[in-house]
Amino acid sequence: MNVLLILGHPRTDSYCAALADAYREGAREADGDVRELAVADLEFDPDVRADSPENQPLEPDLRAAQRELEWADHLVFVYPNWWGTMPARLKGFFDRMFRPGFAFSFYDEGEGAGKEELLDDKTAELIVTMDVPPRIYRWFLRQPGNHALKRATLGYAGVRTTRVTNLGPIEDSSLEQREDWLKEVRELGRSLETGPDTRLGRAKRTATSWLKALRLQFYPMAWIAYTVGALAAAGSDAFSAGAYWLGLGFLFVLEAATVLSNEYADYETDRENTFAGPFTGGSRVLVDDELSFGQVRAGIGAFLAAAVALGGAAALAGVGSTAATAGTMGVLAALALGYTLPPLRLAYRTLGELDVAVTHSVGVLVLGFLVLGGSWRDPLPWLLGLPFLLSVLPAITLAGVPDVAADRLADKRTIAVRFGVDGAATVAAGTAVLGALLGALLGLLDVVPGYGPAIYLSLVHALGLVWLLRERLEPDAGAQRIDLLMAASLSYIVWFGVVPLVGLL
């Protein structure tokens, strides 16, 4: 491992320098290739005097420092905490060094959203001395300097900080305490033998990556539809909690298997996507090497096995027909996994949006109805599910807009790819208005339970969404971030999920 040890103290005879020496000894014992850089020894102007950092020529020492940073795999910053943050000279070092073209680059119009992180192949750790007790700095002062460097500086360039070690208070420390800190820091360097992450850090990072891969933001939609169906069948007085929770467990693990299979199958399009957001572009755990393909395959298998077990238990425990419940679960599983997986690969046939809308509305609503004793021949779950289906279509259709360029390269035939961004906008607007009209009609005729007067407000929301589509979407721009439109279209679903849910309770 290439380790660059950066001393940020403005004096090279400080206790921070002794800590840096201790870390270097430990890292070399761990067979690390260690180089050192003392900011105090560099000759450079710490102030940005040009209109932008990249327009101010770098001094020879800073050009050499950039080459050192490019060489390194792991960066170790040792510096004192002064007035809550780093010394001025170290701040000037970052002001001049972390400039566009070296630490990050902005996308040109139409290329992507935000910026590209150019140092995302590196990790870092901070060793910070201070005169305030570390507990006070962490819990009372909230670590302003640590957060600024970890998140706003290193994080902005893509450097992942694996560990922060606060040492203090220094001023009143004894010689014995300082010797103990030197030993502690030497052990930090020696720990690089097993990588830059601590054991706990590796476990937390793996858990975070799996949570990210599961994309839990998609699950409430299906839970609400399923619960509406269950309440419509049983009513609040005859509700079978055991059957309900088993069915919900089946839906959860099926959704988990589905999002992981999408992650696996959509790797190529996700890799090309520079407009990814919370609801578009995948979780990127494969693209960013947070999880391996083998881990994702194992996750898919584990969740499918759990789906079989929970689905079988729900079918047997359910109040309704076991055959009808099991059959509905099988159809749901085939459609959900068939979104991206062969042989169906519906997202590659311009049927993906309809597939998602069906499985997350009518499909799970009917399942909830069957589990709690209803019959698939009853028109009630279908009537409740149809406006729900129409309300889902705007969001899932618009989700293809940020992905359109990458999807086109991967031959994924979404509505936005086949009919263009303006075609996707037309579908989203039309289905939003149609869903609101159908919901209002069902409420007016009083043919389904749960549709109270609040459902009429969906017409206002639908018209607002149409207005946003006209004002905020740029059909000629192609792929683009549409966070406001996604928020408006996702919240639109609430009218056809939460309103009947509340009405049926």
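Five strands make up an open sheet, ordered S2-S1-S3-S6-S7, with parallel pairing. At its edges lie strand S2 (33-38) and strand S7 (160-167), each of which pairs on one side only. From one strand to the next the twist averages 15 degrees. Two strands are said to pair if DSSP finds at least two bridges between them. Strands (E, at least two residues) and helices (H or I, at least four) are DSSP runs, numbered from the N terminus. In general, the strands of a sheet pair through backbone hydrogen bonds, either parallel or antiparallel.

The model is predicted: local features need pLDDT of at least 70, side-chain atom pairs count only at pLDDT 80 or more, and totals for chains, interfaces and linings use all residues. Residues are numbered from 1 along each chain as its sequence is written, and side-chain values use heavy atoms, with hydrogens and water left out.

**Strand pairs**

Strand S3 (residues 74-80) pairs in the parallel sense with strand S1 (residues 2-7) over five bridges. In this pair, Leu-7 stands opposite Val-78 of S3. S3 is also joined to strand S6 (residues 123-129) by seven bridges, and these two strands run parallel. Here Val-76 is placed opposite Glu-125 in S6. S6 in turn pairs with S7 in the parallel sense over seven bridges, and Val-128 stands opposite Asn-166 in S7.

How many of the residues of S3 are buried? Seven of its seven residues are, where buried means under 20% relative accessible area, exposed means over 50%, and partly exposed lies in between (1.4 Å probe, protein chains only). Both faces of S3 are covered, with His-74, Val-76, Val-78 and Pro-80 on one side and Leu-75, Phe-77 and Tyr-79 on the other.

**A helix pair**

Helix H8 (residues 219-234) packs against helix H13 (residues 352-371) at an angle of about 40 degrees, and their axes are 7 Å apart. Axes are lines fitted to C-alpha atoms, for helices over the stretch in contact, and angles run from 0 to 180 degrees between N-to-C directions. H8 and H13 are therefore oblique to each other; angles under 35 degrees count as roughly parallel, over 145 as roughly antiparallel, 65 to 115 as roughly perpendicular and the rest as oblique.

The residues of H8 that meet H13 include Met-221, Tyr-226 and Val-228, and those of H13 include His-360, Leu-365 and Phe-369. Contact means heavy atoms within 4.5 Å. The residues of this contact divide into 13 nonpolar, four polar and no charged. Ala, Val, Leu, Ile, Met, Phe, Trp, Tyr, Cys and Pro count as nonpolar, Asp, Glu, Lys and Arg as charged, and the others, Gly among them, as polar.

**Backbone details**

| Cis peptide bond | Omega |
|---|---|
| Gly-168 and Pro-169 | about 0 degrees |
| Pro-342 and Pro-343 | about 5 degrees |

Pro-169 lies in the loop between S7 and helix H6 (175-190), while Pro-343 is in the loop between helix H12 (322-337) and H13.

Trp-83 is not a glycine, yet has a positive phi of about 50 degrees. Its place is in the loop between S3 and helix H3 (88-97). Trp-83 is exposed, with a relative accessible area of 90%. Thr-350, also a residue other than glycine, has a positive phi near 60 degrees. Thr-350 belongs to the loop between H12 and H13. Is Thr-350 buried or exposed? With a relative accessible area of 16%, Thr-350 is buried.
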